[in-house]
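Subject: Handover of a structure and findings

Dear colleague,

Please find below the structure I am handing over to you. My findings follow directly after it, and I would be grateful if you read them alongside the coordinates.

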Amino acid sequence: MTTVLNHGPIETDLPDIRPALGDAVAAPARLGLIATAGAVGAGVATLANPATSTALTAAVVGAGLVTSLAANWSTCGMSVAGVVAAPKQPGRKGTSTPVRRLAWHALGSVTTGAVTGAALGALGSLVSGHLSVAWMLFGWALFALAYGLHELGVLTMPAPMRRQQLPRHLRRTMEPWKVSLLFGAIIGPGFLIFIRSSAYYLLVLGVLAVGSPALGAAMFTVVSLGRCMPSLAAIVHTRRGGSMPGFLSVMCVVDRRVQSVTGAALVALAAFAAVALV
């Protein structure tokens, strides 16, 4: 692992560095995750016995936490880490440091993310009061189960998104701190770039169902801060003598394992929501 973390720049393209789901996590292990996650989610709901509205809010919070972790492991996350955490190239304008660039990135992401979450909550408030909370929780549970199985390779669900990464040309035309701020602003809403995790869809649906601008802003802020974790980890890694290419390679290698854990978490949330309805 140390060798992988510290290797130098790779001169040739290695498309297989991100393994297939089946190669990274065996089918029996994924089936075990489904069973275990379902049991845990159902057990928590049985013990807590939450009211329907409380269960819906808890499910949305859970989806937000899962999204904040799962959305990191993508080429977008690696692109951001490469801009924010990498040493400034000689000849580039500005005197920013990785820590300062990370702060600018977080500012941009939190600003647009919080606004997006609040807007979704406000939009949901227009209709959520006219719908049954129990039916909304039931529908949310179905989607959570379906997309959890989708992440685990059992089903194939629609994954609408803007399939575009962060604009590379900006790295050559803007000062690094400005690029970090702009990248954060683009990433914050979640739907302006490649959507790495299905948990994002459940977060959006949940915020709309609850119809709370405050909850929406809070959850999207959590996701925005969570998206800063790859850059923070890269800064710590490089300051300890590690290489940036090695760090980004490891992110690709663990990507599928994170995907499997995400799927299991969504299954657990689906089971929690379903049992809360009983």
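In what follows, a residue is called buried when its relative accessible area is under 20%, exposed when it is over 50%, and partly exposed in between. Aspartate 255 therefore counts as buried, at 2% relative accessibility. Please note that this is a predicted model.

Overall composition and confidence

The protein chain has 278 residues, 47% of them buried. It contains 13 helices and 0 strands. The accessible surface comes to about 13,200 Å², and carbon and sulfur atoms account for 69% of that area. Of the contacts between residues at least 6 apart in sequence, 86% join residues at least 24 apart.

The mean pLDDT of the chain is 86, and 87% of the residues score at least 70. Among the elements, helix H7 (residues 133-151) has the highest mean pLDDT, 97, while helix H1 (residues 2-6) has the lowest, 49. Residues 9-15 stay under 50 in pLDDT, and the model has 2 contacts beyond four places in sequence for them. Where pLDDT is low, the predicted coordinates should not be read in detail.

Salt bridges

The count of salt bridges is 2. One of them joins the side chains of arginine 196 and aspartate 255, at 2.9 Å from N to O.

Aromatic pairs

The whole structure holds 5 aromatic pairs. One of them is formed by tryptophan 104 and tryptophan 177; this pair is tilted, with 4.7 Å from centre to centre and 40° between the planes. It links distant parts of the chain, since tryptophan 104 is in helix H6 and tryptophan 177 in helix H9 (residues 176-187), 73 residues apart. Tryptophan 104 counts as partly exposed at 34% relative accessibility, as does tryptophan 177 at 26%.

Tyrosine 200 and tyrosine 201 form an edge-to-face pair, with centres 6.3 Å apart and planes at 70°. Tyrosine 200 is buried, at 7% relative accessibility, and tyrosine 201 is buried as well, at 13%. These two tyrosines belong to a cluster in which ring pairs link Tyr147, Tyr200, Tyr201 and Phe220.

A nonpolar surface patch

Which residues form a nonpolar patch on the surface? They are Leu123, Leu126, Val127 and Leu131, with about 400 Å² of accessible area together. Leucine 123 is found in helix H6 (residues 98-128). With a relative accessibility of 49%, leucine 123 counts as partly exposed, because the exposed class begins over 50%.

Yours sincerely

Notes:
Residues are numbered from 1 along each chain as its sequence is written. This is a predicted model: local features need pLDDT of at least 70, side-chain atom pairs count only at pLDDT 80 or more; totals for chains, interfaces and linings use all residues. Side-chain values use heavy atoms; hydrogens and water are left out. Patches are made of residues with over 30% relative accessible area and no salt bridge: like charges are joined within 9 Å, nonpolar side chains (Val, Leu, Ile, Met, Phe, Trp, Tyr) within 5 Å. Accessible areas come from the Shrake-Rupley method with a 1.4 Å probe; for residues, only the protein chains shown count as cover. A salt bridge is a side-chain nitrogen of Lys or Arg within 4 Å of a carboxyl oxygen of Asp or Glu. Helices (H or I, at least four residues) and strands (E, at least two) are DSSP runs, numbered from the N terminus. Buried means under 20% relative accessible area, exposed over 50%, partly exposed in between (1.4 Å probe, protein chains only). Contact means heavy atoms within 4.5 Å. pLDDT is the predictor's confidence in each residue, from 0 to 100. Rings of Phe, Tyr and Trp (its six-membered ring) pair if their centres lie within 6.5 Å; planes under 30 degrees apart count as stacked, over 60 as edge-to-face and the rest as tilted.
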